[in-house]
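Hi,

Here is the structure I promised to pass on. My notes on what turned up follow below it.

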Amino acid sequence: IKTAPSLRGIVLGFVSEVMFTKHVEKIDGIEDVRKHDDHDRSKNKIDRDFLYLGKRVTVQLKSIQTNSLGFHTEEQLIYADVQNDASDSRRIDFNGKEIVTVNYKKGDYDILCTPLFPFTGDWQFAYKLNTSCQTWRSKKYPPEIAEHFLHGTEKITYPKLEKFGWTSDIHEIMKQLFLEKGWISS
C-alpha cells in the first residue's frame, strides 16, 4: 500500500470515514449519523450527515494530500493541502448551461472535514465551513461561473488550524454553521 499512492489514498479515505463515524457518534448532541452512496454523486455530494440539535448537517470528508506535507521552520508549522474536489467528473446544469466538472459548488455540503491523522497519528478531525472554502481561480470557467465553484484544494496547517479557517472543535463549527444558517441568533 505504501508504494501505491492511489491505493493508499483510497484505503486511508475509507478508514477515515469509518473513524469519523465512530468519532461523531460519541459526541453529545449528534445523532442519526448516515452514510451516503459513494456511487451516486449526481445529486449527492456528501459522505455523511447527522442530526445536531435537531438540524440535519452535511459533511464532505476529504483527505490531506500526504505528498503535500511540509514543515515551515520559521513558523514551526506543518502544512499541507486538503483535497476538495470529486474523484469523478459529473454533468451539472448551471443556469441553463451544462458543465462537466469535478469541482464542488458552494453549498453542495455544509462542512468540509479532514482527518488529522497524517499530522498526529491519532483519529482527530479538523472542520471548515463550506462557505469559508476558496472559490475557483482558474480561467477554466468564466468569472460569473467560477465564483460558484470551490477550489480543488484547501490549505491546512498544524498545530495552528485557524490559520486557514479550520478548527478541531466540532461544537465551534456547529455554532458557526447554525449562526450562518439562521438556526440560532448571536
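**The aromatic cluster**

F20, F117, W123 and F125 are linked into a cluster by ring pairs (Phe, Tyr and Trp rings, the last by its six-membered ring, pair if their centres lie within 6.5 Å; planes under 30 degrees apart are stacked, over 60 edge-to-face, the rest tilted). Before you dig in: this is a predicted model, where local features need pLDDT of at least 70, side-chain atom pairs count only at pLDDT 80 or more, and totals for chains, interfaces and linings use all residues. Numbering starts from 1 along each chain as its sequence is written, and side-chain values use heavy atoms, leaving out hydrogens and water.

Searching the whole structure gives 9 aromatic pairs. In one of them, the ring centres of F20 and F125 are 5.4 Å apart with the planes at 80 degrees, so that pair is edge-to-face. It ties together distant parts of the chain, 105 residues apart: F20 sits in helix α1 (residues 5-25) and F125 in strand β9 (residues 125-129) (DSSP runs numbered from the N terminus: helices are H or I, at least four residues; strands are E, at least two). F20 is buried at 0% relative accessibility, and F125 is buried at 1% (buried is under 20% relative accessible area, exposed over 50%, partly exposed in between, with a 1.4 Å probe and protein chains only).

F178 and W183 make another edge-to-face pair, 4.9 Å between centres and 85 degrees between planes. Here F178 is buried at 5%, while W183 is partly exposed at 29%.

Overall, the protein chain has 4 helices and 10 strands, and 42% of its 186 residues are buried.

Cheers
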